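Thanks for making time this morning. Please have the sequence and the structure open while I talk.

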Amino acid sequence: MLPRLCNHCENPPCVPVCPVEATFQRQDGIVVVDSDRCVGCAYCVNACPYDARFINERTQTADKCTFCAHRLEAGLLPACVESCVGGARIIGDMRDPESQISRMIAEHRDALMVLQPEKNTLPQVFYLGMDERFVTRPDAEPVALEVLDPHGQEMGYEFRH
Amino acid sequence: MNSAIELLAPRFDIAWYPWAVQYFFMIALSYATLWLAAPALVFGRPRWLPTARLALLACLTTTLVAPVALLADLHQPLRFWHFYAYANSHSWMSVGSLVLPLYVVGVIVLSWLAWRPALQAHRQAPGLGGLVARWLSLGEPPTPRALVVLVGLGTLALSTGIMLYTGAEVAIVKARPLWHTVWLPPMFVATGFIAAAGLILVLNRLAGERSTAVNRQMLKVMLGACLVAGLVAGSWLLDGINANAGSVAAALASVRDSAEWRSTALWGGLTGVVLFGAVLYLLTGPASRRPTLYAWGWVLGLVALHVGWMFRWVVLMDVQTVARHSAGFHHYGIPAGSSGILGIVGTFGLWLAAILLIDLFVPWRQATQGGSTADISPAAPDHPDVEGALRHG
């Protein structure tokens, strides 16, 4: 399982393309969308190399992972971090040198990987122990065009590398 | 690390709908036909007047319809005013939202100036035609030629802004390597001119003008535009043929991995070569057979429109189906509703309605290069345009 969430890039390609400045980077680095201002042009959806953005069918505006900013503000952990039983997801303040995340980054600096580093987006989501074939777009053969879940809903496509 | 991996890639929907293709197609026809109307309309070359009449009809109608398709591609079209309330100079789309309305107004004013003398000559026409002519011509004073030239030059300048922003808007997107090339904007312009010359060939036949001069001029423009398009495509290929990443590498990978992309590349290449060869044959054929050969120009016009539209479809729709973060290609089936077939047909229907309405109420066939009603041939008012429309069907 390779979780692919918004990378909350330091140099986010989705922000400058927005024609109405509806998407922006907060002071703490989290990239969010103002859904009241968004016109739904989907330019940011195309500009994100990580498929992290989509048009929300209900609001008809651009939507994305917010690092659960609303939970962070309430002193809670993001839902994905909270629910990960293996404790494999770690979030923290990288600007605080004493935080767990800062210490781990210092400890594993050489082994850390980010997705599509050549895009120069400076992702702020780091992977430890990831299969290197996922750093860039994996070159794989399609096996099955449609994979269905037990309810008959399409989950995606299956590939073999 | 060398073990086989199986991966389940989620399906990602496309973000820009066929409305985008319709907008890019219509606006390209718009700016290219404006430049084809310019030799007579702005720069006073009388030999280009028959072409300018057809080109201006094409230009105004596509200019009116294009922004409708653009608005429809927004998921929140009623928030279009946010473009002006919260403009962002870093975004090419925002720059475009400022240029586009100015350009649209420029084309409308230019068309009105060009058609005004003919409208004034129709003021006494009976029935609704005369009423519309009296209302649209806004009085008797002559139209100053200098004003036509001034508005024409301004609109031509704005049209280069449209060419620049529509190309740059797509070409700056690094996330889609197939788009991210400096050769994309010039290719949009070149295929735009191919399609525009084709449209005028088709209109020349459909409107019953059947002017040989128009056919010859448009075939020459098409030949030049085909050459430029070939040159741009060749430069793009050579520019990246040795690179491991980038636009050409992504294109070669798509052609290698997907039968659909192979057939698209083959079809595009063949159509381009056949069109170029056919245009060359028509232009260099024996002089005695030229009128017969030129009469078939409208068929090449349809092929040229196909080239212009398909290029935009492949670039804007098909490229969105190339997975950028997972393996393979996403399946895209054109939906039947307004974000699919209905939108495509609807745009063309609206365009046809605009052409027919102008043909009904505006004596565009008698358009001049500005000036006064005295420039209109005296026979013109005796041929109400409604009759003309019926006659030419």
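Predicted model: local features only at pLDDT ≥ 70, side-chain atom pairs only at ≥ 80, totals over all residues.

Across the interface of chain B and chain A the rule finds one salt bridge, a term that here means a side-chain nitrogen of Lys or Arg within 4 Å of a carboxyl oxygen of Asp or Glu. Residues are numbered from 1 along each chain as its sequence is written, chains are lettered from A and ligands numbered from 1 in the order in which they are written, and side-chain values use heavy atoms, with hydrogens and water left out.

The partners in that salt bridge are Arg324(B) and Asp51(A), whose closest N and O atoms are 2.8 Å apart. Searching the whole structure gives ten salt bridges over all chains. The pair runs from the loop between α12 (297–316) and α13 of chain B, where Arg324(B) sits, to the loop between α2 (43–47) and β3 (53–56) of chain A, which holds Asp51(A); helices (H or I, at least four residues) and strands (E, at least two) are DSSP runs, numbered from the N terminus.

How much area is buried between chain B and chain A? The value is about 4400 Å², with carbon and sulfur atoms giving 52% of it, where buried area is the accessible area (1.4 Å probe) that two parts lose on being put together, summed over both. In terms of contact, meaning heavy atoms within 4.5 Å, 49 residues of chain B meet 50 residues of chain A.

Turning to chain A by itself, its secondary structure comes to five helices and eight strands, and along the sequence these follow the pattern α-β-β-α-β-β-α-α-α-β-β-β-β. The C-alpha trace of chain A spans about 45 × 40 × 35 Å along its principal axes.

Finally, within chain B, the axes of helix α1 (residues 18–41) and helix α13 (residues 341–361) come within 9 Å and cross at roughly 30°, the axes being lines fitted to C-alpha atoms, for helices over the stretch in contact, with angles running from 0 to 180 degrees between N-to-C directions.
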